[in-house]
Amino acid sequence: MIKIPTRVLLVDDEKDFVEMLSLRLKEMGEKVTLAYNGQECLEILEKENIDVVILDIKMPGMDGIETLTEIKKRFPIVEVIMLTGHGTTETAVEGMKLGAFDYLMKPADFDDLTVKMEGARKRKDEQEERIRKAEATFLLRKSGNI
Amino acid sequence: MEFFNVLVVDDEEDFVETLVNRLNKRKVPATGVLSGEEAIELMKEREFDVVILDVKMPGGMDGIETLREIKKVQPLAEVLLLTGHASVETSIEGMKLGAFDYVLKPIKLEDLFPKLAEAFERKDAHDSKIRGAKIKKLLRYW
Amino acid sequence: MKSSAYANLQRKIITVTLLVSFAPLIILGVTMYYQVALMCKDKTEEHIKYRARAQAQAIDLFLKERTAILSAMADTHSFNDMIDEKNLSRVFEVMNLRAGAFVDLGVIDSAGQHLAYVGPYDLSGLNYYQESWFGEVMSKGVYISDVYMGFRQLPHFIIAVRCWEGQRSWILRATIDPNIFGAIVLSAQIGKTGDAYLVNKAGIYQTHPRFSGKILTEFNLDTKMFRGGTTVIEARGSLGNRLLYAGSWSNNNKWLLVISQEPAEYMRRLFALRNTEIAIIIFGIFAIIMTTIFTTRLAVNHLRDSDAKMNELNAQLIQSDKLAALGKMATGVAHEINNPLNIIIQKTGWMEDLLAEEEFQNSENYGEYKKSIEKIEYHVERARKVVHNMLGYARKMEPHLEDVDLNRTINRTIDMLENYARDNNIDIQTDLSPDIPIIASDEAQLQQVFMNLISNSIDAIGKDGLIQVKSYRIKENITVSITDDGPGIPRDQQKKVFDPFFTTKQTGKGTGLGLWICYSIIEKLGGSLSFRSKVGEGTTFTISIPLIVPEKK
């Protein structure tokens with residue numbers, strides 16, 4: 001079976017970490033885009049189709065929760081997985097209440113990450129599938145001949 | 001199925017009342033309101049799992065506006081859009097804004113129920129993750 | 001406009017154009033004709049006037065010469081010499097040699113006795129004393145007579161001069177050859193019908209006219225009509241025909257030289273001119289009529305065509321306005337109906353719910369209630385379907401521009417219809433050109449058009465067939481053609497294919513709006529939708545949309 005790559009957007013101000021993660025994800029066949037802060041993240045979402053955003057909660061400038069709120073406001077279908085450090089689990093719960101799909105503790109376990117990513121991807125696919133179905137029904141009904 | 005909280009938002013009082021009655025009769029706790037504004041007010045106080053929202057409401061907030069507000073107040077509440085034939089496109093737009101799905105008017109309970117259940121399932125899945133996270137957080141402090 | 005109105009308009013244009021163009025043509029022709037006629041007449045008059053004057057002068061000269069030679073002879077010879085007939089005949093010979101035209105010569109003494117005579121008649125011995133001319137000569141010295149018969153009973157005239165020899169006077173008289181003189185006069189005639197003659201003051205012909213009488217008979221006109229010098233008049237001739245007369249007085253106003261000519265003579269050229277002119281005018285009128293009718297027809301037809309086009313366009317506009325209004329109304333009505341239906345369904349559902357409770361189960365009318373509720377539900381369902389069908393078309397029509405990969409849209413549409421086609425054993429083949437760029441268009445609406453056209457093709461084929469979908473680019477246009485091998489569209493239906501509510505499907509199966517909507521959509525997207533169909537061979541629908549490249553973001 002051919003794997004359809006997940007379009008992942010990694011958002012973290014720690015370059016080393018982001019690049020390492022990106023390499024591993026790419027190795028798995030995912031399509032990875034990098035952003036180093038919240039603002040950049042939103043700009044990328046504006047331009048590209050992204051399935052899952054992996055978002056660090058602690059960032060200088062626009063922090064994780066702000067970025068998440070903005071993502072959910074402007075791109076409600078995009079799924080977000082939060083990266084939390086020690087002592088920020090509370091924020092992770094808050095994030096999930098704001099619509100983040102799940103959270104990961106840093107240093108993230110890679111297997112854990114892939115499982116959650118798959119979950120997020122699935123959830124987004126399901127939503128898209130419902131939209132597609134709705135559109136198809138709508139079109140078919142509109143054409144009126146079938 | 002576990003019981004879940006439903007909020008019905010529609011400007012037709014008779015409809016809201018009857019649907020709420022029927023849901024209650026099926027042991028689904030449901031509340032009805034007649035406008036977007038009322039819905040938002042109520043949601044600021046109480047948590048709902050699924051909102052059944054009429055897309056087309058005359059005067060005040062329309063369906064899409066209400067949906068946006070709902071997603072702000074309770075991002076995790078799943079929204080089922082109630083739509084007429086003329087406003088299917090609006091509903092699709094709504095789904096792109098995060099609404100779970102849409103149901104065509106006039107609705108039959110048989111059609112509505114499975115979608116309600118699906119929406120609740122999704123909500124529940126998320127909720128349980130949050131519960132898990134909370135538990136983990138608690139465990140950490142031990 | 002009605003066709004009679006066009007005919008009326010055409011008639012008006014033709015009439016006005018013809019009037020306006022004929023009037024100057026005819027006026028010009030007539031004026032020219034009269035001007036030329038006037039000119040011709042003037043010229044002819046001038047001509048005969050000139051001839052008359054010249055001839056009168058010639059006659060004067062002739063007479064003067066004869067008189068002069070006669071006088072010279074009389075002056076240079078003595079009476080006695082002259083009465084010698086031998087001498088006289090020598091003088092006569094000299095005179096005829098020098099001047100000519102003398103018929104005879106005689107010498108008459110103061111008593112009127114003819115003493116000597118040279119000539120063909122035997123006139124010697126006659127006494128002229130009683131003749132009127134004799135007295136004239138005796139008193140005036142020189143006398144030129146009118147033409148008269150005289151003793152010899154032939155028309156002639158004489159020139160007589162009186163000479164003095166001491167106390168005695170005598171007369172030398174010569175007769176002028178009337179033929180020579182007549183010939184001189186006649187030489188003034190012009191053309192075939194021209195005449196020239198001399199008339200004396202009393203209106204007696206002095207020479208033989210060519211046509212209008214005899215010498216010594218009366219001239220048909222009053223000589224008083226000819227004033228001094230040379231005059232031209234137009235009058236009836238002796239034969240009743242209109243003639244142009246030029247009269248010039250000569251011989252000391254005793255004789256009038258008349259040149260007459262039929263106007264027809266010079267008119268002949270005028271007639272030729274007139275005929276040419278008439279021919280040209282007739283040709284001109286004919287050409288104008290033909291051109292006018294032709295151009296007017298062309299213009300009116302053009303007008304009719306453009307009117308028809310306008311009407312068609314208006315009709316289309318009205319049609320689309322009507323449909324838009326209908327759509328709006330349908331949406332409104334449907335929404336209004338849907339809400340109560342929604343409530344009715346909920347209420348009946350609620351009733352069913354309640355009916356399920358135990359206390360009702362035992363009610364004797366339980367069955368009736370249940371049946372009634374079911375009936376209500378059934379009819380609400382029916383109403384719901386009607387509303388559904390009505391609303392199928394009530395939707396936003398404004399195109400919403402986005403990036404569209406046309407080939408992908410086609411493929412997605414075909415995917416949706418694949419099962420439907422396969423069920424009917426219809427193969428859908430595609431031949432999509434890879435060099436079709438991403439365009440700015442409305443994907444949903446395009447998809448709706450493809451969906452409609454392809455599903456129409458499937459319906460047209462029925463079972464077992466082939467549908468070919470092609471896309472290609474021609475310059476700044478992208479063309480998508482959908483060809484089926486179905487039964488084709490009969491000729492009489494081809495015009496109505498895009499009409500709203502035109503359908504060949506069974507009642508209830510199709511609304512007849514599909515193709516019309518496709519047409520409207522493609523038109524709104526700036527393209528065109530057309531088709532070619534042949535009964536028995538199939539139908540090809542061709543969509544052409546402009547290649548509009550999306551703006552770079």
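Modeller: Two residues are in contact when heavy atoms of theirs lie within 4.5 Å of each other. The model is a predicted one. By that cut-off, the contact between chain B and chain A takes 26 residues from chain B and 27 residues from chain A.

The size of an interface is often given as the accessible area lost when the parts come together. For chain B and chain A, about 2500 Å² is buried between them, and 59% of this is on carbon and sulfur atoms. Six residue pairs are in polar contact between chain B and chain A, with both residues at pLDDT 80 or more. The count of salt bridges between chain B and chain A is zero. On chain B, the side that touches chain A draws at least two residues from each of α4 (88-96), β5 (101-104) and α5 (109-141). The most comes from α5(B), which gives ten residues. By type, that side of chain B divides into eleven nonpolar, three polar and twelve charged residues.

Next, the inside of chain B. An α-helix has 3.6 residues a turn, so residues three or four places apart point the same way. B:K123 is buried, as is B:D127.

A second salt bridge in chain B joins the side chains of B:D10 and B:K105, at 4.0 Å from N to O. B:D10 sits in the loop between β1 (6-9) and α1 (13-25) of chain B, while B:K105 sits in the loop between β5 and α5 of chain B, so the pair ties together parts that are 95 residues apart in sequence. Both B:D10 and B:K105 are buried.

At the N-terminal end, α3(B) is capped by B:D62, with a side-chain oxygen 3.2 Å from the backbone nitrogen of B:I64.

Now chain A. A:K116 is placed in helix α5 (residues 110-143) of chain A. The cut-off for buried is under 20% relative accessible area. A:K116 has 15% relative accessibility, so this residue counts as buried. Apart from neighbours within four places in sequence, A:K116 is in contact with A:I81, A:F101, A:D102, A:Y103 and A:L104. A:T91, in helix α4 (residues 89-97) of chain A, also counts as buried, because its relative accessibility is 19%. Residues up to four places away in sequence aside, A:T91 touches A:I57 and A:I65.

Over all chains the structure holds 31 salt bridges. One of them is between A:E46 and A:R74, whose closest N and O atoms are 2.6 Å apart. This pair links distant parts of the chain: A:E46 is in helix α2 (residues 38-47) of chain A and A:R74 is in helix α3 (residues 64-74) of chain A, 28 residues apart. A:E46 has a relative accessible area of 52% and is therefore exposed. A:R74, at 39%, is partly exposed. Elsewhere in chain A, salt bridges link A:R7, A:D51, A:K124 and A:E128 in a network.

Last, a helix of chain C. In α5 (residues 178-186) of chain C, C:F181, C:G182 and C:V185 are buried. Their arc around the axis is only 100 degrees, which puts them on the same side of α5(C). The cover over the buried residues of α5(C) includes α1 (3-76), β4 (157-165), β5 (168-176), β6 (195-200) and β9 (255-261) of chain C. C:D177 caps the N-terminal end of α5(C), with a side-chain oxygen 2.8 Å from the backbone nitrogen of C:N179.

Notes: Residues are numbered from 1 along each chain as its sequence is written. Chains are lettered from A and ligands numbered from 1 in the order in which they are written. This is a predicted model: local features need pLDDT of at least 70, side-chain atom pairs count only at pLDDT 80 or more; totals for chains, interfaces and linings use all residues. Side-chain values use heavy atoms; hydrogens and water are left out. Buried area is the accessible area (1.4 Å probe) that two parts lose on being put together, summed over both. A polar contact is a pair of N or O atoms within 3.5 Å; within protein, one must be able to donate a hydrogen and the other to accept it, and residues adjacent in sequence count only if both atoms are side-chain atoms. Helices (H or I, at least four residues) and strands (E, at least two) are DSSP runs, numbered from the N terminus. Ala, Val, Leu, Ile, Met, Phe, Trp, Tyr, Cys and Pro count as nonpolar, Asp, Glu, Lys and Arg as charged, and the others, Gly among them, as polar. Buried means under 20% relative accessible area, exposed over 50%, partly exposed in between (1.4 Å probe, protein chains only). The arc is that of the directions from the helix axis to the C-beta atoms.
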